[in-house]
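The sequence and the structure come first.

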Amino acid sequence: MDELYEDLQDDGINDVKIITIGMGEYSSDNSNWTDNNILPVLVDPAPNEVWDHWGAGQWDLFFLDAHGQYVTDININPWDYDAVYNTIMGLISGCTDPDACNYDPEATYNSGCDYIDCDGVCGGPTVPAFE
């Protein structure tokens, strides 16, 4: 997860937060993923209300939107870097230019914008065809 987080930072994506949560009764066994980890680790003490409320299982990764609302979750066992990275990018990508016809106010990473062409078509050719 550290590598993924660092890659996001290197790509200029600074508004994604990754927080890990471990069950309190297993915290002594969590050192293999908490030692030397740059990500914050929260301990969910018994009776594990966070895990129970979210219906979480071991190796589950939850995605929340910018408002803290649940969007989706995936199980990361086995680890699939591309699946996690692509899920994050799918959640934050969109057009960030309010003047574009496909503006997405929820997007925080600009993945491309379309503009009204001379014929009034969103995403049409920007330069009219000359005969």
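F62 is buried, at a relative accessible area of 18%; buried means under 20%, exposed over 50% and partly exposed in between, with a 1.4 Å probe and protein chains only. W54 is partly exposed at 37% relative accessibility. E49 is exposed. The table lists these values.

| Residue | Relative accessibility | Class |
|---|---|---|
| F62 | 18% | buried |
| W54 | 37% | partly exposed |
| E49 | 57% | exposed |

This is a predicted model: local features need pLDDT of at least 70, side-chain atom pairs count only at pLDDT 80 or more, and totals for chains, interfaces and linings use all residues. Residues are numbered from 1 along each chain as its sequence is written, and side-chain values use heavy atoms, without hydrogens and water.

**Aromatic rings**

The whole structure holds three aromatic pairs. The ring centres of W54 and F62 are 5.0 Å apart and the planes meet at 45°, so this pair is tilted. Rings of Phe, Tyr and Trp (its six-membered ring) pair if their centres lie within 6.5 Å; planes under 30 degrees apart are stacked, over 60 edge-to-face, and the rest tilted. W54, F62 and Y70 make up one aromatic cluster.

**Helix α1**

Helices are DSSP runs of H or I with at least four residues, strands are runs of E with at least two, and both are numbered from the N terminus. Helix α1 spans residues 2–10, and its buried residues are D2, L4, Y5 and L8. Down the axis of α1 these fall within an arc of 165°, so they line one face of the helix. The arc is taken from the directions from the helix axis to the C-beta atoms. The buried residues of α1 pack against α4 (81–92), with contact meaning heavy atoms within 4.5 Å. The face turned away from the buried side carries the exposed E3 and D10. G12 follows α1 and has a positive phi, near 80°.

D44 sits in strand β2 (residues 41–44). Which side chain of opposite charge is nearest to D44? That is K17, 22 Å away; D44 is buried yet has no salt bridge (a side-chain nitrogen of Lys or Arg within 4 Å of a carboxyl oxygen of Asp or Glu). The D44 side chain does reach the backbone nitrogen of V50, at 3.2 Å. A polar atom of that side chain lies 3.0 Å from the backbone nitrogen of W51. Leaving aside neighbours within four places in sequence, D44 contacts residues including I21, M23 and E49. E49 belongs to helix α3 (residues 49–54). E49 and M23 are 26 residues apart in sequence and 9.7 Å apart in space, C-alpha to C-alpha.

Methods:
Lys and Arg count as positive and Asp and Glu as negative; His and the chain ends are not counted. A polar contact is a pair of N or O atoms within 3.5 Å; within protein, one must be able to donate a hydrogen and the other to accept it, and residues adjacent in sequence count only if both atoms are side-chain atoms.
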